[in-house]
Amino acid sequence: LTRYLKLVRASFQHQRFHSSASHYKGRTGAQHLWLSRHLRDSFVKAAKVESYRCRSAFKLLEVNEKHQILRPGLRVLDCGAAPGAWSQVAVQRVNSAGTDPSSPIGFVLGVDLLHIFPLEGATFLCPADVTDPRTFQRVLELLPGGRADVILSDMAPNATGIRDLDHDRLISLCLSLLDMAPDILHPGGTFLCKTWAGSQSHLLQKRLTEEFQNTRIIKPEASRKESSEVYFLATQYHRWKGSAKH
Ligand SMILES: C[S@@+](CC[C@H](N)C(=O)[O-])C[C@H]1O[C@@H](n2cnc3c(N)ncnc32)[C@H](O)[C@@H]1O
């Protein structure tokens, strides 16, 4: 995958960038800058080539290539799943569409505030707020055996532009999800969540370190360098309901 991404990037870097005037019409300077960067982005182009719904697919592919968090037969809860690129990767890797008849069949449940177009092999709960107790109930009902082996969260609240506030809101979203883990996450399970670096990250890191055997911080290559986005990957969950450590 890494070699493939490098090749994709190299080939696109040699192509001339053509911007269509209609892309830029009526936009502010900041929007113009974002759009021109987005259109030049090799991961955006690679996502189109690979039919992923957005470039974020490559972040999960990269994490999975290095840490093998997804494999056939696993049950995945994908929080903040719209438009569905992570779910696409999860469906392929856990074989939830049954594409490989010789491997165990997994399950993918995606949840988002926004509508998500259907995807073969995935079940979507949307529009739904992950922090809403009614969503929590539905998630428990929909997950086979009421448990997930892997919880993914690429959730991001609507950015206000106030860095500290956005950071605090994202950390509390991750902490709320972690509060649900004793009921949802299978012993030995995995938790991968997106955060924006900031002063409250240590709170999340402390919780993860207490509740999982291994916690690491990851900045995927596909994550824009200028973004404060970092992912926490925690594996070997040991604070499930009924455990002595609960
Ligand atoms: C960066 S996007 C996720 C992209 C996705 N991983 C993919 O690959 O297609 C972040 C998503 O988080 C969702 N989100 C934010 N807060 C949420 C919440 N409380 N409950 C559910 N979804 C939420 C947003 O609606 C948005 O679609």
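Helices (H or I, at least four residues) and strands (E, at least two) are taken here as DSSP runs, numbered from the N terminus. The structure is a predicted model: local features need pLDDT of at least 70, side-chain atom pairs count only at pLDDT 80 or more, and totals for chains, interfaces and linings use all residues. Residues are numbered from 1 along each chain as its sequence is written.

The secondary structure of the protein comes to nine helices and seven strands. Burial was assigned from C-beta atoms placed from the backbone: a residue is buried if 20 or more other C-beta atoms lie within 10 Å of its own, exposed if 12 or fewer, and partly exposed in between. Buried residues account for 34% of the 246 residues in the protein. Two residues are in contact if their C-beta atoms, placed from the backbone, lie within 7 Å. Of the contacts between residues at least 6 apart in sequence, 64% join residues at least 24 apart.

In soluble globular proteins, nonpolar side chains tend to be buried together. A nonpolar core is defined here as a set of buried Ala, Val, Leu, Ile, Met, Phe, Trp, Tyr and Cys residues joined through C-beta atoms within 7 Å. The largest such core has 59 residues. Those with the most contacts inside it are Ala-57, Val-76, Leu-77, Cys-79, Ile-151 and Phe-191. Helix α8 (residues 163-184) gives the most to this core, with eight residues. Ala-57 is in contact with Ala-47, Tyr-52, Ala-85, Trp-86, Gln-88 and Val-89, leaving aside its neighbours within four places in sequence.

Several of these partners belong to helix α6. This helix (residues 85-94) is mostly covered, with nine of its 10 residues buried. The buried set consists of Ala-85, Trp-86, Ser-87, Gln-88, Val-89, Ala-90, Val-91, Arg-93 and Val-94. These residues pack against α5 (57-67), β1 (75-79), β2 (107-111), β3 (122-125) and β4 (148-153). Asn-95 follows α6 and has a positive phi, near 65°.

Helix α9 (residues 201-211) was examined next. Its buried residues are Leu-204, Leu-208 and Glu-211. They lie on the same side of α9, because they cover an arc of only 75° around the axis. The arc is that of the directions from the helix axis to the C-beta atoms. An α-helix has 3.6 residues a turn, so residues three or four places apart point the same way. On the other side of α9, His-202, Lys-206 and Glu-210 are exposed. The buried residues of α9 pack against α8, β5, β6 (212-218) and β7 (229-237).

An unreviewed UniProt entry annotates Lys-194 as "active site". UniProt positions are given in the numbering used here, feature names are shortened, and annotations may be inferred rather than shown by experiment. Lys-194 is in strand β5 (residues 185-196). Lys-194 counts as buried because 22 other C-beta atoms lie within 10 Å. Beyond its neighbours within four places in sequence, Lys-194 is in contact with Ser-153, Asp-154, Met-155, Ala-156, Glu-229 and Tyr-231.

A residue is near a molecule if its C-beta atom, placed from the backbone, lies within 6 Å of it. There are 23 residues around the ligand, of which Gly-80, Ala-82, Ala-85, Val-130 and Asp-154 come nearest. The shell divides into 15 nonpolar, four polar and four charged residues. Here Ala, Val, Leu, Ile, Met, Phe, Trp, Tyr, Cys and Pro count as nonpolar, Asp, Glu, Lys and Arg as charged, and the others, Gly among them, as polar.

Backbone geometry in the loops was also considered. The peptide bond from Ala-82 to Pro-83 is cis, with omega near 0°. Pro-83 lies in the loop between β1 and α6. Cys-126 and Pro-127 are also joined by a cis peptide bond, with omega about -5°. Pro-127 is in the loop between β3 and α7. Ser-51, a residue other than glycine, has a positive phi near 60°. Ser-51 lies in the loop between α4 (42-49) and α5. Ser-51 is exposed, because it has 9 C-beta neighbours inside 10 Å. Gln-68 has a positive phi of about 45° and lies in the loop between α5 and β1. Gln-68 is exposed, with 11 other C-beta atoms within 10 Å.
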